[in-house]
Amino acid sequence: MHSFVHRRFFLVVLWSLLVFLLLVCSALAQERPEVIIAGHRDLVPGENDPYYTSTLLHVWEPLVTRDEEGWPAPMLAESWEVSEDGRVWTFHLRRGVLFQDLTPFNAEAVVANFERYRRISPANSPFYPFRIHETYPGLKEVTAIDEYTVRLTFEEPVPALPFLMVNFGSAMFSPRNFREDGFFNGFPIGTGPYRLVEHKKDEYCRLEPFEHYWGQKAISPIRVRVIPQAETRFSALKAEEIFGVIDIGALTPALAMELLKDERFAVEVSPSTIAHYLFMNGSRPPFDDVRLRKAVSLAIDREFIVRELYYGYGEVMGTILSPASPFSVPLPIEHDLAEARRLAKEVLGEKRVQVRFIFPSWSLERYPYKEQAEYIQSVLRELGIDAQIQILEGGAFNEAMKAGEYEIAMRNQGLPNAEPNTIFTWYVLSDGAGNVEYHLNFKDQEADALILQARREMDMEKRFQMYARVQEIAKEGYHWIPLFNNVDLLVYNKRLKGFRSLGKKYDVTLWEAYLE
Amino acid sequence: MRHYDWLQRFLQMVLTLLGITVVAFLLREAIPGDPVEILLGKEGLFQPSPEEVRLFRTRFGLDRPLFVQYFRWLGDVLRGDLGRSFVTKRPVAQEIRERLPATLLLALAGFSFAVLIGLLGGVFLAFWSGSIVDHLVRVVTLLFRSMPTFFVAVVLITLLGERWRVFPTSGMGSWRHLVLPAVVSGSGFGILIMRLLRTNLLQVLGNDYILAARARGLSAWKVLLKHAFPNGFVSVLTMFGLYLGGILGGSPVVETIFAWPGAGRLLVQAIYGRDFPLLQAFVLVFGVTYVAMQMLVDVCYFFLNPQVRPGKRIV
Amino acid sequence: MMITGLVLLVVIGGASLLAPFLSPFDPLEVRLNNRFAPPFQRPHLLGTDALGRDVLSRLLYGGRLSLLLAVLSTLITLSVGMLLGMLAGYFGGWVDGVVSFVVNTFLGIPDVVFTLALLGVLRPGFGTLLLALNAGSWVGLARVARGEVLFLRESGFVEGARAMGAGAWYCLLKHILPNLFPTMGVLGSLRFGGFVLELAALSYLGIGVQPPFPDWAVMLNDARPYLFTHPHLFIFPALIITVVILGANCLGEGLRDALDVRFQRGIGES
């Protein structure tokens, strides 16, 4: 152990000297200095992860990605079409693409990747679990029609396949990158503008531009450091040890505001699919009465929360579907304290009622949930509802929700993929997993029918209408009350050029970034 | 000490270790939440299907009765296999081995700092006890200690890292990266040692044999070092043992704030993530270190005063 | 010395007790139009917090649970730790074996695991809180006490007493126990402060003070995001906690002075 420490220390010192020398040389040679950014977690879970790295690092690319409006857009697949019955999807692949080990990207490689999907599924990941039966429900066959065409055949119609395949659903790697069990045999070899060249778990990773990238080549090498504490990231930015932040919860709103007072910094706002909700226990009083649930929703001033607690960084929501989804319809956001009081009086009369208001302690690291809860508590008091706030540890929180030992639970929820049917199935469908497990107890026949029907509906316009209607119905249920949508505050040093957020694409233009 | 004592001690140690691991196994069952759902559920972002949960449970033997699981684990450990992390699927031994050196480095640096200010400060304060300096130091050090670690760290990072750019704000690298975390990590313990040593020295210095030594003309320093210190040092020694016993757990708070890639952070992640194999291995390693340290301290007692033999029975 | 400590603690303790009479505002009253009012202005002498609540009132109420729990816990921890440590150190043999076994078990398992396990098994409440705070803290004290006792039992006056036929309990009470006080005083007073701060960590696990009730350590933690923007939210709770710990420490170390006249001489004065 002693020699290990010794050796490592020595290596680190040596390495530091080398870096110093390199920096000196590079300064003299006027080469671009390394761009250093940081996130709160390690974006490289590693070999036993289905994707090895987060899509944010652009080491690998999917067949289908998302455009800035949230719709599926071409990436490694240039175009696609579907048969009349929705069971056969044909993808036309982009030509002239090379993997980072210089093997060509073609139909054969795609087939190999799908074969790998079968082997690894179901697989866990800190990003999104990979489950082939959810992303490719009823997949029968994957065939290479010619060198640049792949056909997927399904047992049942899958009208929304591209939505399911977005990003993490269709990651492509070199066929030589896998072990027997389907996981990685070394660094990930994707087609992206960056190669992963170094990784120290939970410390940092280094990316270098891939010279043979098919598209706009990356300008500068990047080092992504792991700094778990938001305040430390703040200090590192100020000390110019890092030049930007990345990933969910990049900086808390309060710290971001403080940092922006300094002229050196600017911010890129990146909308995420994560939104904040109140889960209402509809299986027991008092929230088994929709009027009281509506009263709660009406009493809360969402604008106030976003403006005061999040410094304006957030998008209030009137619909349960995050605005990051293209299917989201802007339903009216209501705030009417008088009406709320009236409804509460109607239900409770002169009595007061005590409820448990729970939220998980891990959320405190990223969001001002305590103040949020205390605010809501103060508002509910005026309705005759005495909310008892309980901050629970993650596991205990889940337990409480499953056991129905709560009346109101506050938590955030992200969209697992671009197809809203997944989230509707969880929380709106009468026997949906979330609905039942968390005791929301929402039942609506029309919504059920629409959700099931939409799974097979090929016409995009019709789907849109169906989903709009589902959102309207869900809203009137007030069982899963949306508050507002989260945004990530990517504060960066103005010396970092080319660092742009790509809207609902949930991405940052790393490849354009360089330091002045 | 006789060989018999040593054997007895060793057996005790083994028994204690077993006890620790058994208790850990029992305790983890009490922790709220279904570990499988937590592992697969990712902070509630996803709902694992009942099928997945069942698969996971059988694959990792979590569906067996507790004592079967324990003996299986014990058997594996005796064969040198500490299992694989539920989260990263890598061997637990590898996970711990990667992170332990960083924690040890930080812990030893912190300990050195603590010992330095503790011993020097304690002696100094005993010497000047009752003076203005004594009172001033008392107030300042207690102010320091009454602030949660987090705040001390943030203040130091902001002043020394951010404003005056003397040290890096976080991460691991050169010796400069070590300074701030070591200071934060060691200061609390250092203050404790300082106050403890001061009190113990004063306690011993009040004894008659000290007066006698002084009366015989021995210098103040000599009296302090040769007579007062050995007896006054007992509790400080015990505290050292407790501190060093726990260093493998590192300080998760310090490691998190300073982005120090240590084992303390890993341990906390393992607990909240319900990564049982990792947690169990940690407990084992923890247990070994603690027990070994306690034994070492007992031996040191003997060197301070050969009359002292723990375990000796009193009629 | 001891007087200072006592005075400080009594004043703060008294203020906490009399909070309902002294407090100018309702500590729970949220005033959204008066958030972050700066201190040293009327009517909020110490300013207001993120939800417009009066900081002074919250400080007055904030110590009630903290002080009660810290005092109780310190007493429990000291008693249990000293007792077991003395028994282990004095009697040796199997008594030491058993106590050391228990102590090492508690030491070998991370505190968080204990707390979480408690969470899973017991309902949040005062008893659970007390248990959570004390379960692991007597252990270190027991070990230290044991160490000192091991040395003390070899000392002259104990041997003398034994030679004169004194029983074990007599030795323990008259000779050993008083000599433990100085060390226990220091450790106890520092633990006291630790308990006050630990309460915050527990409240984030669902045990302990739940919002919106004020608690000093929790107020400290709540002030985190506003450390640079509204430092008064952090400074006042921190000051009060320091004063309390200072008081406890003076009391603890002062007890030593009061118990034996000899201890008051420093080496410089011999």
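Domain bounds, as used here for chain A, come from an automatic or database domain assignment. That assignment divides chain A into domain 1 (62-177), domain 2 (194-270 + 489-515) and domain 3 (273-487), and the centres of domain 2 of chain A and domain 3 of chain A, taken over C-alpha atoms, are separated by 32 Å. This is a predicted model, in which local features need pLDDT of at least 70 and side-chain atom pairs count only at pLDDT 80 or more, while totals for chains, interfaces and linings use all residues. Residues are numbered from 1 along each chain as its sequence is written, chains are lettered from A and ligands numbered from 1 in the order in which they are written, and side-chain values use heavy atoms, with hydrogens and water left out.

**Interfaces**

The size of an interface is often given as the accessible area lost when the parts come together. Buried area is here the accessible area (1.4 Å probe) that two parts lose on being put together, summed over both; a salt bridge is a side-chain nitrogen of Lys or Arg within 4 Å of a carboxyl oxygen of Asp or Glu. A polar contact is a pair of N or O atoms within 3.5 Å, where within protein one must be able to donate a hydrogen and the other to accept it, and residues adjacent in sequence count only if both atoms are side-chain atoms. In the table, polar pairs are residue pairs in polar contact with both residues at pLDDT 80 or more.

| Interface | Buried area | Share on carbon and sulfur | Salt bridges | Polar pairs |
|---|---|---|---|---|
| Chain B and chain C | about 6,100 Å² | 71% | 2 salt bridges | 6 residue pairs |
| Chain B and chain A | about 4,200 Å² | 55% | 3 salt bridges | 10 residue pairs |

For the domain pair within chain A, the side of domain 2 of chain A that touches domain 3 of chain A draws at least two residues from each of H6 and strand S14 (265-280) of chain A, with H6(A) giving the most, 4 residues. Helices (H or I, at least four residues) and strands (E, at least two) are DSSP runs, numbered from the N terminus. By class, this side of domain 2 of chain A has 8 nonpolar, 4 polar and 1 charged residues, where Ala, Val, Leu, Ile, Met, Phe, Trp, Tyr, Cys and Pro count as nonpolar, Asp, Glu, Lys and Arg as charged, and the others, Gly among them, as polar.

Between chain B and chain C, the contact (heavy atoms within 4.5 Å) takes 73 residues from chain B and 62 residues from chain C. A salt bridge joins C:Arg143 to B:Asp298, with the closest N and O atoms 3.8 Å apart, and the side of chain B that touches chain C divides into 42 nonpolar, 19 polar and 12 charged residues.

Between chain B and chain A, 49 residues of chain B are in contact with 49 residues of chain A, and A:Glu393 and B:Arg274 meet through their side chains in a salt bridge (3.0 Å, N to O). Two or more residues of the side of chain B that touches chain A come from each of helix H2 (35-41), helix H5 (92-127), helix H7 (149-163), helix H12 (252-257) and helix H13 (263-272) of chain B, and H5(B) contributes the largest share, 8 residues. By class, that side of chain B has 21 nonpolar, 13 polar and 15 charged residues.

Helix H8 (residues 302-309) of chain A has as its buried residues A:Arg302, A:Phe304, A:Ile305, A:Val306 and A:Leu309, buried meaning under 20% relative accessible area, exposed over 50% and partly exposed in between (1.4 Å probe, protein chains only). These buried residues of H8(A) pack against helix H6 (253-260), helix H7 (290-299), strand S15 (315-316), helix H10 (369-381) and strand S19 (480-493) of chain A. The N-terminal end of H8(A) is capped by A:Asp301, a side-chain oxygen of which lies 3.2 Å from the backbone nitrogen of A:Glu303, and just after H8(A) the residue A:Tyr311 takes a positive phi of about 55°.

A:Arg356 lies in strand S16 (residues 353-360) of chain A. The C-alpha atoms of A:Arg356 and A:Glu407 are separated by 5.2 Å, although the two residues are 51 residues apart along the chain.

**Chain C**

Chain C has 11 helices and 0 strands, and 60% of its 270 residues count as buried. Its C-alpha trace spans about 75 × 50 × 30 Å along its principal axes.
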